[in-house]
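We will go stop by stop.

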Amino acid sequence: MSTEPGGVPAPYGRPGAPPPPPERPGTALRERANYLSAGYGVKSWLLTTDHKRIALLYLVSITVMFAIGGIFATLIRLELITPQGDMVQSETYNKLFTMHGIIMVFFFLIPSIPAVLGNFLIPIMIGAKDLAFPRLNLLSWYVYVVGAVFTLYAMITGGVDTGWTFYVPYSTHYSNTKVVLTGLGIFINGFSSILTGLNFIVTIHKMRAPGMTWFRLPLFVWSHYATSLIMILGTPVIAVTVLMVALERGLHLGIFDPALGGDPILFQHLFWFYSHPAVYIMILPSMGVISELVAAFSRKTVFGYSFVAVSSLAIAMLGFLVWGHHMFVSGQSVYAGLVFSGLSYLVAIPSAIKVFNWTATLYKGSISLDTPMLYVIGFLGLFTIGGLTGLFLAATGLDVHVTDTYFVVAHFHYIMVGGAIMGYLGGIHYWWPKISGRLYPEGWGRIAAIIVFVGFNLTFFPQFVLGYLGMPRRYHYYPEEFQVLNVLSSAGASILAVGYLLPLVYLTWSMRYGRRASANPWGARGLEWEIESPPPTENFLVQPIVTDKTFQYGAEEEAVIV
Amino acid sequence: MFSGFPLFPPQASTLAGRVDALYFALLAISGFFSILIATLVVVFAVRFRRRSEAHLPRPIHGSLALELTWTIIPLFIVVVVFVWSADVYVASRRVPPGAMEVHVVGKRWMWKTQHMTGQREINELHVPTGVPVKLTLTSEDVIHSFFVPAFRMKQDAVPGRYTTAWFEATSPGTYHLFCAEYCGTKHSQMIGSIVVMEPGAFQTWLAGGVSGSPAEEGQKLFQSLACITCHRADSQGRGPRLDGLFGRPVRLAGGSTVVADADYVRESILNPTAKVVDGYQPIMPTFQGLVSEEGVMQLIAYIQSLQAPGAETTAVPGAGGNKLQEGGASPAPRKP
């Protein structure tokens, strides 16, 4: 245990102390009650208020959604091997990319890290027994499931073909597909996001253990705090927007329809006011994961901790001021375009600060290339490319050419898949011993990480070239000269698919057959590594008291920089 | 099986080179930082690899000097890129004087274009080299986007309003025209060609079959829709006089003033009660549904051609609600 009765911190993190505590005898470990062994019935899961069990409920549900979204992606890439659009009808193709986008954005990426890793770890990391509102937490999962069921029902009974962006007046007057039902699913799901954000903010404010000051918070918690702010401030706007689309479709209200005096550009403003910050909902938690992992696998506290922490807040704040950069060719005024371009460039600064600080953390570290660290290195490479190509899109004069082409598609996949999913997979591997109490097979883990990296680049790098050549996104048929690059991309996607299936297989396998994990298999710092793997239901048997040494790697004396 | 394997689009407009220069500059910046980060990560990962399980490196908490360095240098770079790209953007929006006008209407799933001399085309546009061409775009249904990769030009066509764009072609040839804004089932088949010709060849092409110019077509509509019964050339009509109106400020009931540009005229035809001229009754019926988007454009061209006797031409055709685009004011189309 981290603390002895009476609240005296355990001697931990002293100079030269070997970090991993010796593994306890297996028998003792097996007999100790933990959150997994607290109940085995269906009811013990569906009615649980334990944040760790709710995290697993989310893990299972978002994995299902990821698989569905992945099947759509597979079909899209198969279709695009040939330019003639010969596998499915255009109507079907349009539904495929729409449903891929909706599932992946709203039902996988947005909940992914916060609802699974955030749910599991935030209370433990700050020394709390649970989130502030455990029943609200369970409700948020049910709300998510109801939203997902609505959306899936809409897809099974006909699907939707508006693109995940729901641009009017196509979505309000011209599409003959299940727009309202899908919108309702997204509307409902939004409340799940709001509830989670609210829960995190209250928990982080009110439930920190004694000694856990704001600037001792793990960076994972900081990034989730910033994410939660976006969730509760942004999500209501998308909810209202989707509602207005539904009302206009049903009642012909004339909010967006120019024939009734409405303004179609207004929709784009409202949509991107949420959907641009939503990108930061996806990437900020991933950045939090990377901060934890980079520290653990170089055995050093993150370089420039406070800069990394505050840059999360800066990204969350600036993220609300840049939505107009999606609309440089919409007919928006030139001056508005220039303002949005300038503000978009400012977001590049906190992102650059993070990347440089992570890289500097490696300097003079003790670096081990375990699976999670491979994902960190992958993240650094892909997020750097994704972020830098953002500069191309914020450049007004250049964006006119590349917007709505595959350049944009490649860019946001580098951020969302290369950034957010690499962070998610890295985090799942890193905390897997804590979550499951088992070790995953390290060799397979490394192979999968490398396959994901290679497959990802082969899939999406050719799309930058395609985009600059001028291939518009959402094209079912395309000119023949684009075929070679599309074939490369589809080939990469098949490799990427293998990279995603492998962890699913060996992580599932390890739950039963993996070696038992000690409390701290990585020799990492943080309250979550001072309790058993898997943790007991109440997390801490004794109230932990936090000192600097709980978090800091290495000696007390500070090294001098070069 | 594969027809070529291009890695870079053709450059066929005056702006293409400027956009590409920006692109290569950003590629260089991105390449530099990507390689820098990748090299540092790989070198550190090898150089500082974990040699023993017990090894605990000495902590380094940070360095204000380094933080400032990697805040200020990127800030400087993005400011430069911002200014550069803004320069290109403004140039791409500001129509040069004397531009040849073309009307473009997007409709699911085709592009309809019309020259001021009357030629109409579908999914094609013939233009000469060396002459700036100004497009006034709108849509009959959903949002479309007129995208010519070889010109590095793209502009949304939005229903209910006019947007403008321009280009000046440099090399003869046939180039892709794509719809870049998703518009439904056959979005990917809403494509066409831009045929760029030498000026001489273009004149020959222009001399081919012509109906009437948009202004002439508009005049016919003006009569067939009976606009003329109220909008008379003397001041006795129930509606305001239209000659000399275009491009001038109009005083509205309620005291505000609006410039009679294409968007205003369009709104007055389709939604007459939205802005009523001071001193007139809101009695005009709507022509929504009675006249097509092309018809509205022709009516505007006609009204634009109605100059008051002795007045200068100050018309601003198709100014899409955007002051910067007024730089592109071109003379009212004249009858050939």
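Helices (H or I, at least four residues) and strands (E, at least two) are DSSP runs, numbered from the N terminus. This is a predicted model, in which local features need pLDDT of at least 70 and side-chain atom pairs count only at pLDDT 80 or more, while totals for chains, interfaces and linings use all residues. Residues are numbered from 1 along each chain as its sequence is written, chains are lettered from A and ligands numbered from 1 in the order in which they are written, and side-chain values use heavy atoms, with hydrogens and water left out.

**Confidence first.** The chain A average is 90, and 92% of the residues score at least 70. Now select residues 1–30 of chain A: pLDDT is below 50 there, and the stretch has 53 contacts (heavy atoms within 4.5 Å) beyond near neighbours in sequence. Where pLDDT is low, the predicted coordinates should not be read in detail.

**The loop between helices 6 and 7.** Select P169(A), which sits in the loop between helix 6 (134–156) and helix 7 (170–174) of chain A. Buried means under 20% relative accessible area, exposed over 50%, and partly exposed in between (1.4 Å probe, protein chains only). F166(A) is buried, at 6%.

Jump to the segment after helix 17 (483–513) of chain A, where P534(A) is found. A cis peptide bond joins S533(A) to P534(A), with omega about -10°.

**Helix 12.** Select residues 334–362 of chain A: this helix has 29 residues and reaches 44 Å from first C-alpha to last, close to the 42 Å expected at 1.5 Å a residue (the expected span is 1.5 Å times one less than the number of residues). Because 22 of its 29 residues are buried, helix 12 is largely enclosed by the rest of the structure. Past its end, show K364(A), in the loop between helix 12 and helix 13 (371–394) of chain A. K364(A) has a positive phi near 55° and counts as partly exposed, at 40% relative accessibility.

**Across to chain B.** Chain B has six helices and 12 strands, and 52% of its 336 residues count as buried. Finish by selecting the contact, which takes 106 residues from chain A and 87 residues from chain B.

Key: pLDDT is the predictor's confidence in each residue, from 0 to 100.
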